[in-house]
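Hi there,

Here's the structure I said I'd pass on.

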Amino acid sequence: MSGRVRILDLAGARAAILHRPHGNVSAIERQLRAIGLSVESHWPELPPDLSVDFLFFDVDMGFDTQFAWKPGESPMPMIALIGSEAPGRIEWSLSHGAHAQLLKPVGDNGVYSALLIARAAFEAHHRSASRIEELRERLSARETVVRAVMALMAQGMSDEVAFASLRRMATDRRESFEAAAARIIARHDHPKSNGSGS
């Protein structure tokens, strides 16, 4: 996991606890307020306008429809509250993208470290997702360029001439290499619907 963990800006953050009324909820609320967070508790559903920086959720009695987002796509760090360590419940927690965990019964500590770990894991997850999307777009763009060069070669050009022609088209129209390639492919795939020149 890369990136430094920021530990001084929790004051003023907001947290929600998705758990039935219980002493564990009270213990978490006390710790959160001591750290400087505002806190709200809900059960069994979250409000549709939920806007918090952290979400604690009960693994023991939780169910899929409690969340408004797809599993693994939470808009905030999620901290699993685990009482029973039944494998099925742990698996359910992981499937919903828990970024940290807190074992029940909850005492007088543990919330602060759970917040920091959850936020670090959440941010690392999003960095990885962004990087994967970037690589996917680059791979797609490379495939587009290859297809465009192949289309030009089908017209009798050598690979070097086709590549140079593609680069010249992009320069002449002041567009990206990939955009020029996409235009060539569109013209190649639909020659009658695109009668414009380069």
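Predicted model: local features only at pLDDT ≥ 70, side-chain atom pairs only at ≥ 80, totals over all residues.

Phe 57 has an aromatic partner. A search of the whole structure turns up 5 aromatic pairs. In one of them, the ring centres of Phe 57 and Trp 92 sit 6.0 Å apart with the planes at 65°, so this pair is edge-to-face. Phe 57 belongs to strand S3 (residues 54–58) and Trp 92 to helix H2, so the pair ties together parts that are 35 residues apart in sequence. Trp 92 counts as buried too, with 9% relative accessibility. Both belong to one aromatic cluster, made up of Phe 57, Phe 67, Trp 69 and Trp 92.

Helix H2 (residues 87–95) also holds Arg 89. Is Arg 89 buried or partly exposed? Arg 89 is partly exposed, at 22% relative accessible area. Leaving aside residues up to four places away in sequence, Arg 89 touches Val 59, Asp 60, Met 61 and Gly 62. A polar atom of the Arg 89 side chain is 3.0 Å from the backbone oxygen of Gly 62.

Now for two other helices. The axes of H1 (residues 23–35) and H3 (residues 111–153) come within 9 Å and cross at roughly 70°, which makes H1 roughly perpendicular to H3. On the H1 side, the contact is made by Ile 28, Gln 31, Leu 32 and Ile 35, and on the H3 side by Val 111, Tyr 112 and Leu 115. Of the residues in this contact, 6 are nonpolar, 1 is polar and none is charged.

Cheers!

Conventions: Residues numbered from 1 in each chain as written. Heavy atoms only, no water. Helix = DSSP H or I, 4+ residues; strand = E, 2+ residues; numbered from the N terminus. Buried < 20%, exposed > 50% of the residue type's maximum accessible area, 1.4 Å probe, protein only. Contact = heavy atoms within 4.5 Å. Polar contact = N/O pair within 3.5 Å; in protein donor to acceptor, adjacent residues only side chain to side chain. Axes fitted to C-alpha atoms, helices over the stretch in contact; angles between N-to-C directions. Parallel < 35°, antiparallel > 145°, perpendicular 65-115°, else oblique. Nonpolar A, V, L, I, M, F, W, Y, C, P; charged D, E, K, R; others polar. Phe/Tyr/Trp six-rings, centres within 6.5 Å; stacked < 30°, edge-to-face > 60°.
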